[in-house]
Amino acid sequence: MTDSWNKAREAYRHTPIPEELAFAVASAVRSGSRRRRRLQAARRGLTGLLAGCACFVLLVNASPTFAQAVSAVPVLGELARVVTVTEYTLDSREQLIDVRMPALELPENTDLEQRINTEIRARIDQVLQQAEERAREARDAYVETGGSAEDFIPVVIDVDYEIKCQNGQYLSFLLTETETRAAAYTEIYAYNIDLEAGRELTLRDVLGSDYLELANEAVRAGIARREAEDPDASFFHDEFGFTSISEDQLFYLNENGEPVVVFEKYAIAPGYMGMPEFTIALPAE
Amino acid sequence: MEQTVHQQLTAFIVEHQEDFYRLAYSHVKNRDAALDVVQESIVKALSKADGLRRSESLKPWFYRILVNESMNYYRYTRRLTPLEEAPETAAPAGDHATRLDLYAAIDRLDQKEQLIIRLRFFEDMKLEEIAQVTGVNLNTVKSRLYKALRKLRDLTGEEHLYD
């Protein structure tokens, strides 16, 4: 290796490293791990479903009694599912958009199916339109304050969904919209459907009439436990802290059918805590 | 077991973050853009970590993602014209009047050549690893490397860049 290479290598080593690098890396590591868990959960969900189907076929073939027993059970959950109807990417000066739009397939209840699907579509359209306006505003502001339009870093928008619970009785999935500019901001919408009753679920449906106390107790206990276990965890305890779940509290059902309440970023804890979630145990029957 | 691959990857990322930044910066030539590229690569790598086999070496696997993100950055934002499309910046080969410093000369190479040179000489990668990172076969790597070295020799006037 010649001197010239040593000098060039030295010059390369001296590329100034921005102060925020460590922070940027740490936050990327965090969101990468989170996305990975999400993917894992989705894969697990799928394997469960496939295993379920395989079992089913096998048993029907194996035992006439079982086939009879099954035919007596109203086949509800088997046919309901969430599918991706549209998947597209938009790429412009102001923004990069990735959308995976879900739709519900509910052969037993086409009314509900249509209502939910229209709502999802309207919501995504609205979200994208607003995001587009914000992106344009951000760009205009950037240009007005002396930035060149060429240098504007587009807003990245990612619309996706995640199935949280799917069984014969319930179907629960989340629709997420993440907008990334200087920081990422995620908005979540939940769809929780009672397949038997053919309508959307409320916390009262799942937890009974004491739902408010049960949920509040679980959240308070969850906050206390997390703060005790993890020295980095912190929640607001002043007037901004948690008092009670709201009327239209965001929640989903986990794979065990237990409700999980989700709080917006900053709602009850500092931003670095992300969107805190608390699982509420089902009351003993 | 997955846990350990994931942990290894996280440790690798944290340990080599400055190397990633330097490589990204050398391609996008913009501080914020390079930070974006590094972040996006990390998020991608970690969410794909389960696809990484235990025996596979982390370095070329991660650099492949990093390099793709760096290259894609132009495609998405068009914030800079890639050098291969800007011939006016390239010094005329064999112009002995304007001898360049080797480090500056690297920027005059086309994107793929720059990458190979940086991976080989600044990141100390083996040619096999470079082939993995760039997704081309070993012979292509070799021929690009020698072509790049010849260009560098013309640009800098130095004879012994590769012994």
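B:Asp124 lies in the loop between helix H6 and helix H7 (127-134) of chain B, where helices (H or I, at least four residues) and strands (E, at least two) are DSSP runs numbered from the N terminus. B:Asp124 has a positive phi of about 55° although it is not a glycine. With a relative accessible area of 49%, B:Asp124 is partly exposed, given that buried means under 20% relative accessible area, exposed over 50%, and partly exposed in between (1.4 Å probe, protein chains only).

This is a predicted model, in which local features need pLDDT of at least 70 and side-chain atom pairs count only at pLDDT 80 or more, while totals for chains, interfaces and linings use all residues. Residues are numbered from 1 along each chain as its sequence is written, chains are lettered from A and ligands numbered from 1 in the order in which they are written, and side-chain values use heavy atoms, with hydrogens and water left out.

**Helix H2 of chain B and the residue after it**

- Helix H2 (residues 17-28) of chain B has twelve residues, which at 1.5 Å a residue should span 16 Å, and its end C-alpha atoms are 16 Å apart, which agrees; the expected span is 1.5 Å times one less than the number of residues.
- H2(B) is mostly covered, since ten of its twelve residues are buried, among them B:Gln17, B:Asp19, B:Arg22 and B:Leu23.
- B:Ser26 lies in helix H2 of chain B and is buried, with a relative accessible area of 5%.
- Not counting residues up to four places away in sequence, B:Ser26 touches A:Tyr12, B:Gln114 and B:Arg118, where contact means heavy atoms within 4.5 Å.
- H2(B) is followed by B:Lys29, which lies in the loop between H2 and helix H3 (31-47) of chain B.
- The phi of B:Lys29 is near 55°, a positive value in a residue other than glycine, and B:Lys29 is partly exposed, with a relative accessible area of 37%.

**Aromatic rings**

- A pair of aromatic rings is described by the distance of the centres and the angle of the planes.
- Rings of Phe, Tyr and Trp (its six-membered ring) pair if their centres lie within 6.5 Å, and planes under 30 degrees apart count as stacked, over 60 as edge-to-face and the rest as tilted.
- A search of the whole structure finds 13 aromatic pairs over all chains.
- The rings of A:Trp5 and B:Phe122 have their centres 6.4 Å apart and their planes at 70°, so this pair is edge-to-face.
- That pair crosses between chains, from A:Trp5 in helix H1 (residues 3-13) of chain A to B:Phe122 in helix H6 (residues 111-122) of chain B.
- A:Trp5 counts as buried at 1% relative accessibility, and B:Phe122 counts as buried at 1% as well.
- The rings of B:Phe20 and B:Tyr63 have their centres 5.7 Å apart and their planes at 75°, so this pair is also edge-to-face.
- This second pair links distant parts of the chain, with B:Phe20 in helix H2 of chain B and B:Tyr63 in helix H4 (residues 58-77) of chain B, 43 residues apart.
- B:Phe20 counts as buried at 0% relative accessibility, and B:Tyr63 counts as buried at 1%.
- One aromatic cluster is formed by A:Trp5, A:Tyr12, B:Tyr103, B:Phe121 and B:Phe122.
- B:Arg120 lies over the face of B:Phe121, at 5.4 Å from the ring centre; a charge sits over a ring if NZ of Lys or CZ of Arg is within 6 Å of the ring centre and within 35 degrees of the ring normal.

**A three-stranded sheet in chain A**

- Three strands of chain A form an open sheet in the order S7-S8-S9, and the pairing is antiparallel, where two strands pair if DSSP finds at least two bridges between them.
- Strand S7 (251-253) and strand S9 (277-279) of chain A stand at the edges, each with a single partner strand, so one side of each is left without a neighbour in the sheet.
- The twist averages 25° from one strand to the next, with axes being lines fitted to C-alpha atoms, for helices over the stretch in contact, and angles running from 0 to 180 degrees between N-to-C directions.
- S7(A) and strand S8 (residues 259-262) of chain A pair in the antiparallel sense over three bridges, and A:Tyr252 stands opposite A:Val260 in S8(A).
- S7(A) and S8(A) form a hairpin with five residues between them, and A:Gly257 in the turn has a positive phi of about 80°.
- S8(A) and S9(A) likewise pair in the antiparallel sense over three bridges, and the bridge partner of A:Val261 in S9(A) is A:Phe278.
- A:Pro259 and A:Val261 point one way from S8(A), whereas A:Val260 and A:Val262 point the other way, and all are buried.
- Helix H6 (residues 211-229) of chain A lies across S8 and S9 of chain A, running at about 115° to S9(A).
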